[in-house]
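Student: I have a new structure to go through with you. Please take me through it step by step.

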Amino acid sequence: QVQLVESGGGLVQPGGSLRLSCAATGSIFSTYTMGWYRQAPGKLREWVAIITGGGSTNYADSVKGRFTISRDNAKSTVSLQMNSLKPEDTAVYYCHTIATGSWGQGTQVTVSS
């Protein structure tokens, strides 16, 4: 079973940046496709970005050009660099291992002036 721990959330003004990190356990992390998801109050959880074991990426249209997902297989971490943040990006952000169905506990991101 893969365990995931997110960090890096917080309060930021519109137009600002945050970097989220997710630390994973598991000896075959490098083979996993990893994803970031988010859930805003009163809304369903939605996909934000994914990265394959080989480094291919894909993004939701709402974050394309503003967010960048990356991974460090040596450290078993996956990150989400978020730039030009908007109030509508406010949500709890979750790290997810698609192959095993594992979820982290989530980290709160609040974009507000």
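**Contacts, strands and loops**

Student: Which residues does Ser-7 touch, leaving out those up to four places away in sequence?

Tutor: Ser-7 touches Arg-19, Leu-20, Ser-21 and Thr-107, where a contact means heavy atoms within 4.5 Å. The model is predicted, so to speak of local features a pLDDT of at least 70 is needed, side-chain atom pairs count only at pLDDT 80 or more, and totals for chains, interfaces and linings use all residues. Residues are numbered from 1 along each chain as its sequence is written, and side-chain values use heavy atoms, with hydrogens and water left out.

Student: Where is Ser-7 found?

Tutor: Ser-7 is found in strand E1, which covers residues 4-7. Strands (E, at least two residues) and helices (H or I, at least four) are DSSP runs, numbered from the N terminus.

Student: Buried, exposed or partly exposed: what is Ser-7?

Tutor: Ser-7 is partly exposed, because its relative accessible area is 39%. Buried means under 20%, exposed over 50%, and partly exposed in between (1.4 Å probe, protein chains only).

Student: How many Å separate the C-alpha atoms of Ser-7 and Ile-98?

Tutor: The C-alpha atoms of Ser-7 and Ile-98 are separated by 19 Å, and the two residues are 91 residues apart along the chain.

Student: Let us step back. How many helices and strands does the protein have?

Tutor: The protein has 11 strands and 0 helices. Along the sequence the pattern reads β-β-β-β-β-β-β-β-β-β-β.

Student: What percentage of the residues is buried?

Tutor: Buried residues account for 42% of the 113 residues. As for contacts between residues at least 6 apart in sequence, 53% join residues at least 24 apart.

Student: Now to strand E7. Which residues form its covered face, and which its uncovered one?

Tutor: Strand E7 spans residues 67-72. Phe-67, Ile-69 and Arg-71 form the covered face, whereas Thr-68, Ser-70 and Asp-72 form the uncovered one. In a regular strand, side chains alternate between the two faces of the sheet.

Student: How many bridges join E7 to E8?

Tutor: E7 is joined to E8 (residues 77-82) by 6 bridges, and the two strands run antiparallel. Two strands pair if DSSP finds at least two bridges between them. Ser-70 has Ser-79 as its bridge partner in E8, and Asp-72 stands opposite Thr-77.

Student: Which residue takes a positive phi in the hairpin of E7 and E8?

Tutor: In this hairpin, with 4 residues between the strands, Ser-76 takes a positive phi near 55°. Ser-76 is not a glycine. Ser-76 counts as buried because its relative accessibility is 14%.

Student: What about Ser-84: where is its place?

Tutor: Ser-84 is in the loop between E8 and strand E9 (91-97). Ser-84 also has a positive phi, of about 50°, although it is not a glycine. With 40% relative accessibility, Ser-84 counts as partly exposed.

Student: Which strand does E3 join by bridges?

Tutor: E3 (residues 18-24) is joined to E8 by 6 bridges, and these strands run antiparallel. Arg-19 has Gln-81 as its bridge partner in E8.

Student: A change of topic: which residues does Trp-103 touch, with the sequence neighbours up to four places away left out?

Tutor: Trp-103 touches Leu-4, Tyr-37, Arg-45, Tyr-94, Cys-95 and His-96. Trp-103 and Leu-4 are 99 residues apart in sequence, yet their C-alpha atoms are 6.3 Å apart. Trp-103 lies in strand E10 (residues 102-103) and is partly exposed, with a relative accessible area of 36%.

Student: Finally, why does Val-63 count as buried?

Tutor: Val-63 counts as buried because its relative accessibility is 0%. The residue is in the loop between strand E6 (57-59) and E7. Val-63 touches Arg-38 and Val-48, not counting residues up to four places away in sequence. From Val-63 to Ala-91, 28 residues apart in sequence, the C-alpha to C-alpha distance is 13 Å.
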